[in-house]
Amino acid sequence: MSGKDATSHRQANFELLRILAMLGVVVSHVFNYGLQIYEGFSVDVSAPMGVAVWSLLELLKLAVLVSVDCYILISGYFLIDRHQLRLRGIGRVWLTTWSYAVAIFLLAAMLGVVPFTWGGLLTYATPVCSDIYWFVTSYLVLLLLAPLLSMATERLTQRQYLWVLAVGFVVCFQPLLGQFLVDGHKILLFVFLFLMGGYIRKYGQKPCGDRKTVVTCYVAILFMMYAYVLYKNLHLQNPRFQIYAMAYHGLVLPLSVAFFLWVKSLPIGPRPGHYVNAIASLSFAVYVIHDHPIVHDILWSHVNILLSHAAPWAIPLLCLLIGVAVFLACILIEKLRQWAMPW
């Protein structure tokens, strides 16, 4: 295998992680806005089938919570050694976000879905300032800080780097200072995740255990989270169980690192890697399309109607299938956009 092919082969793991992370974001939104887990949704667990349905839904929701954290870990992994601003990357994120924010608003106004106002156009033409996409706003700030973070860690020894991560963990982890310092200030968590990804790049080329160990850690943390939410439901002494999520800087943090290391270690051949890379290049648009405020309201209102009329046993499968369908639809839209406007 040539050097170029080897690099592409290695990159495919992280591109697969990008795909899984973005798909996870969509599935998480199916739970939040389609199933409306924060607005009274619950599952009757008085029968074994109900327990199974609740367990599948809860485990799926917990599993996809790693998505945002993993996306930032990837950035840290690749940018920790770069001291220059990635102007091309920043420009691509900004242009994709701006294009869809404005285009969807104008299309919706033309179709009479929303009224056209100059104030509305200004809101969508300044998506970062108006913060219509919280993730993009924080992510762009992180990309601007990336060269400074890279230079700050360049002269650190491994021991000093570990001290930085230890302090960052205390500051960010929710049961410690994270509940006071990070809630509502995601950029602090993003910086910590960036540094964590950078540490794995610098010192984690030889894994701290084989893939089996990483998978075991992942499963153990996931079921620890499951046990905690099970306890919360049992404590309420209600025959209907709720679906709980957890903060990105709680147990989701070590779960995300374990998932990152797991996917990083997967063997991906050149042929599947080619398709993975192609899909990953379209995946960022999935976020800005499906989470556009106008699309958001229309999409999730229809999904909520569908899920509210579904048989309980079918809901876990439907949540996953809807997430995949939305992901693929957005991928197709972005592919057509790139074909029509190849900037």
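Me: Which cysteine sulfur is closest to that of Cys319, and how far off is it?

Reply: Cys330 has it, 17 Å away, so the pair is too far apart for a bond. Keep in mind that this is a predicted model: local features need pLDDT of at least 70, side-chain atom pairs count only at pLDDT 80 or more, and totals for chains, interfaces and linings use all residues. Residues are numbered from 1 along each chain as its sequence is written, and side-chain values use heavy atoms, with hydrogens and water left out.

Me: Is Cys319 buried or exposed?

Reply: Buried, at 0% relative accessibility. The cut-offs are under 20% relative accessible area for buried and over 50% for exposed, with partly exposed in between (1.4 Å probe, protein chains only).

Me: Which H14 residues are buried?

Reply: Among them are Cys319, Ile322, Gly323, Val326, Phe327 and Cys330. Glu334 and Arg337 are on the list too.

Me: New topic. What's the volume of the largest pocket?

Reply: About 850 Å³. A pocket is an open set of 1 Å grid points where a 1.4 Å probe fits, with protein on both sides within 12 Å along at least five of seven lines; lining residues have an atom within 4 Å of a point.

Me: What lines the largest pocket?

Reply: 28 residues, with Arg18, Arg86, Gly89, Arg92 and Ser281 nearest its centre. H1, H3, H4, H12 and H14 each give two or more. H12 gives the most, seven.

Me: And the second largest pocket, what's its volume?

Reply: About 540 Å³. The second largest pocket is lined by 31 residues, and His29, Asn32, Val68, Trp134 and Tyr248 lie nearest its centre. H1 is the top contributor there, with eight residues. H2, H3, H6 and H13 are also among the helices that supply at least two.

Definitions and conventions: Points joined across faces, edges and corners; volume = space filled by probe spheres on them. Helix = DSSP H or I, 4+ residues; strand = E, 2+ residues; numbered from the N terminus. Disulfide = S-S within 2.5 Å.
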